[in-house]
Amino acid sequence: MKKTPRINCQECRTQHKCCEFGAWLDLDAAKKILELGIKGADFFHLVKDDSYPSGYATSTSVEDGRCVFLTKKGLCAIHKIDYSLKPAHCKEFPYEDGKLSPFAKYLCVAVKSKPKRKKKKSPGRK
Ligand code: SF4
Ligand code: SF4
């Protein structure tokens, strides 16, 4: 069985890199985030999705290639005010359901920079 790689976000020097595309979250959670009064807070898309508690999902807006909740210092404004409201996908990333997220290879610098293992040559082959 393939081992899930261990990635420590605390050691990441470019934590904002995985926030370039924003995140999906439950519509009711988005409404609570709007009540926090974060400057520039905005959401777009509304889709019916029964895997979310309210039955609807929305996404944080993205401006200039970054989630609108990403502060100038590269931190998440929601996390700073109320961690419990930070989208679950963001809390989990680069994992998803206990496994490495399929998006990790595109968004996580730690996964992208992992050196690829060289294939061992079988003896006698050039
Ligand atoms: S909500 Fe916060 S952690 Fe999630 S993508 Fe936006 S800035 Fe990053
Ligand atoms: S998920 Fe990857 S890019 Fe994002 S903070 Fe963690 S190590 Fe850094």
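## Around ligand 2

Ligand 2 is surrounded by Ile7, Cys9, Cys12, Gln15, Lys17, Cys18, Phe93, Pro94, Cys108, Val109 and Ala110, where a residue is near a molecule if its C-beta atom, placed from the backbone, lies within 6 Å of it. This shell divides into nine nonpolar residues, one polar and one charged, counting Ala, Val, Leu, Ile, Met, Phe, Trp, Tyr, Cys and Pro as nonpolar, Asp, Glu, Lys and Arg as charged, and the others, Gly among them, as polar.

A word on the model: it is predicted, with local features needing pLDDT of at least 70 and side-chain atom pairs pLDDT 80 or more, while totals for chains, interfaces and linings use all residues. Residues are numbered from 1 along each chain as its sequence is written, chains are lettered from A, and ligands are numbered from 1 in the order in which they are written.

## Around ligand 1

The shell of ligand 1 holds Cys19, Gly22, Ala23, Thr60, Cys67, Phe69, Leu70, Cys76, Ile78, Pro87 and Cys90. Nine of these residues are nonpolar, two are polar and none is charged.

## The nonpolar core

Cys67, Phe69 and Leu70 touch the most other members of the largest nonpolar core, which has 15 residues. Such a core is a set of buried Ala, Val, Leu, Ile, Met, Phe, Trp, Tyr and Cys residues joined through C-beta atoms within 7 Å; buried means 20 or more other C-beta atoms within 10 Å of a residue's own, all placed from the backbone. β1 and α1 are the elements that give two or more residues to this core.

Beyond its neighbours within four places in sequence, Phe69 is in contact (C-beta atoms, placed from the backbone, within 7 Å) with Ile38, Ala41, Thr60, Cys76, Ala77 and Ile78.

## The sheet and its helix

Three strands form an open, antiparallel sheet in the order β1-β3-β2. Strands are DSSP runs of E with at least two residues, helices runs of H or I with at least four, numbered from the N terminus; two strands pair if DSSP finds at least two bridges between them. The edge strands are β1 (24-26) and β2 (43-48).

β2 pairs with β3 (residues 56-60) over five bridges, and Lys48 stands opposite Tyr56 in β3.

Note on methods:
Buried ≥ 20, exposed ≤ 12 C-beta atoms within 10 Å, placed from the backbone. Contact = placed C-beta atoms within 7 Å.
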